Amino acid sequence: MKLRVLGCDGGRGQGYYSTGLLLDDTVLIDAGTILSALTVEEALKITDIFLTHSHLDHICELPYLLDATFDMRREPLRIHAQKETIDVLMKHIFNWVVWPDFSKLPTPERGQFTIHEIKPGKAYQAGGLNLTPIEVNHTIPTVGYKIADKQASIVFTGDTGPTKRIWDVANESADLKAVIVDLSFAIKEQYVANVSKHMTADDLANELKKLNVDCDVYAFHYKVGQATTVGAQAQRVMHFGRPVMHLREHETLYF
Ligand SMILES: [Zn+2]
Ligand SMILES: [Zn+2]
């Protein structure tokens, strides 16, 4: 499995890109970064986008992608999300006020995307991968994903505070190679982390006690204004004797 990190920060700024994880060149998890990192030709290879939730940093480049490629795409882009996420996208983004409804453009018959509702716990196939959404603990309905091919599986928590189900799923995965986990705030902002349902390094250390598998751990979603502090605190969190690693923008990982 090839994972190209288009963006992995908890916001946007110069040199900071929000969440977009490209799997095997065709399946994208979250749409926080697309054309800021990919050429149009590369972006046209994406067939499926699986969203974790509707927060802006996870959907913000989807409208621009559809706008840039509306006359180039032969097959509609398949967007997979929970019902609550779909409702937000259609009511607040693709509503002809904030942005056109590209599911009906360039003509109603040749819409540029189709919507596919997903439910936590069910498995979905796309691009040779098996994706299972798993409910996590965030301020709005949110899922993480277990992503598997024939050789390996990885778990991506998406945005979450302390949670349980996704660790059970990770522990049941015999071929688990890595987890990518929310780490958003510096330890001194524990209150903000609690109310926004994200994690500090202290939370992450507690969460990793629930993970019984010796695998790599990558932290993502550092808040832009605190990224240096959060990154330093991440490296003091250990899993099976090795420090937590940063997920890095523009790197490609193989599992
Ligand atoms: Zn986020
Ligand atoms: Zn969020």
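Buried, in these notes, means under 20% relative accessible area, with exposed over 50% and partly exposed in between (1.4 Å probe, protein chains only). I'm working on a predicted model, where local features need pLDDT of at least 70, side-chain atom pairs count only at pLDDT 80 or more, and totals for chains, interfaces and linings use all residues. Residues are numbered from 1 along each chain as its sequence is written, chains are lettered from A and ligands numbered from 1 in the order written, and side-chain values use heavy atoms, without hydrogens and water.

**Zinc, ligand 2.** I looked up its protein donors (N, O and S atoms within 2.8 Å of the metal, 3.2 Å for Na, K and Ca; water is not among the atoms, so sites may look incomplete). They are His 53 (NE2), His 55 (ND1), His 138 (NE2) and Asp 159 (OD), at 2.1 to 2.4 Å. Along the sequence I read the spacing H-x1-H-x82-H-x20-D. His 53 sits in the loop between β4 and α2 and Asp 159 in the loop between β10 (153-156) and α4 (165-171), so this pair ties together parts 106 residues apart in sequence. (Helices are DSSP runs of H or I, at least four residues; strands are runs of E, at least two; both are numbered from the N terminus.)

Buried or exposed, His 53? His 53 counts as buried because its relative accessibility is 0%. Asp 159, at 1%, counts as buried too.

**Zinc, ligand 1.** Here I found Asp 57 (OD), His 58 (NE2), Asp 159 (OD) and His 221 (NE2) as protein donors, 2.1 to 2.2 Å from the ion. Asp 159 bridges the two zinc ions, which lie 3.6 Å apart. I also checked Asp 57 and His 221: both are buried.
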